[in-house]
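Hi everyone, thanks for making time. I've got a structure to walk you through, so let me put it up on the screen.

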Amino acid sequence: APAAPPRSSSVSGKKPEKPAIAGRSVNHWSVDDVLAWMQRVGLGDYLLVFKENEVDGACLELMNNEMLKNDLNVAALGHRQRILRKVKALLG
């Protein structure tokens with residue numbers, strides 16, 4: 001009998017998920033993963049407020065202007081827009 005065809009390199013056969021840290025999609029990032037990403041993309045000024053509010057990957061995916069302004073108290077519109085641009089770029 002002929003040999004079985006080689007398995008594909010994709011473990012699940014699904015399309016690749018959003019960018020990952022340590023093999024985990026953004027949705028599964030811990031608070032520390034989010035903080036590490038923020039540091040890498042130049043959002044270090046906001047580390048403390050994101051940490052205090054326990055923003056993990058699932059929360060990051062849902063982040064919007066109102067959350068930044070009302071929940072995280074990022075007052076400056078320019079700062080909120082900068083954060084949202086970085087999140088949008090991350091999520092594709």
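I'll start with the chain as a whole and then go to a few particular residues.

First thing to say: this is a predicted model. The mean pLDDT of the chain is 85, and 75% of its residues reach 70 or more. There's one stretch to watch, and that's residues 8-17, where pLDDT stays under 50. For that stretch, the model has one contact beyond four places in sequence.

Okay, the layout. We've got five helices and two strands in the chain.

How much of the chain is buried? Out of 92 residues, 27% are buried. The accessible surface comes to about 6400 Å², and carbon and sulfur atoms hold 54% of that. On contacts, take those with a separation of 6 or more: 41% of them are between residues 24 or more positions apart.

Now for some side chains. How many aromatic pairs does the count give? The partners are Trp29 and Trp37, with 6.5 Å centre to centre. Their planes sit at 50 degrees to each other, and that makes the pair tilted. And are these two buried or exposed? Trp29 has a relative accessibility of 3%, and because the cut-off for buried is under 20%, it counts as buried. Trp37 comes in at 5%, so Trp37 is buried by that cut-off as well.

Let's move over to the backbone. In general, most residues other than glycine have a negative phi. With that in mind, have a look at Glu54, which isn't a glycine and yet has a positive phi of about 50 degrees. Where is Glu54? You'll find it in the loop between α2 (47-52) and α3 (57-62). Its relative accessible area is 62%, and exposed means over 50%, so Glu54 is exposed.

Further along there's Asn73, again not a glycine, with a positive phi of about 55 degrees. Asn73 lies in a loop too, the one between α4 (65-71) and α5 (77-91). At 61% relative accessibility, Asn73 is over the 50% cut-off and therefore counts as exposed.

So, to recap the residues: Trp29 and Trp37 make a tilted pair, while Glu54 and Asn73 each have a positive phi.

Key. Residues are numbered from 1 along each chain as its sequence is written. This is a predicted model: local features need pLDDT of at least 70, side-chain atom pairs count only at pLDDT 80 or more; totals for chains, interfaces and linings use all residues. Side-chain values use heavy atoms; hydrogens and water are left out. Rings of Phe, Tyr and Trp (its six-membered ring) pair if their centres lie within 6.5 Å; planes under 30 degrees apart count as stacked, over 60 as edge-to-face and the rest as tilted. Buried means under 20% relative accessible area, exposed over 50%, partly exposed in between (1.4 Å probe, protein chains only). Helices (H or I, at least four residues) and strands (E, at least two) are DSSP runs, numbered from the N terminus. Contact means heavy atoms within 4.5 Å. Accessible areas come from the Shrake-Rupley method with a 1.4 Å probe; for residues, only the protein chains shown count as cover. pLDDT is the predictor's confidence in each residue, from 0 to 100.
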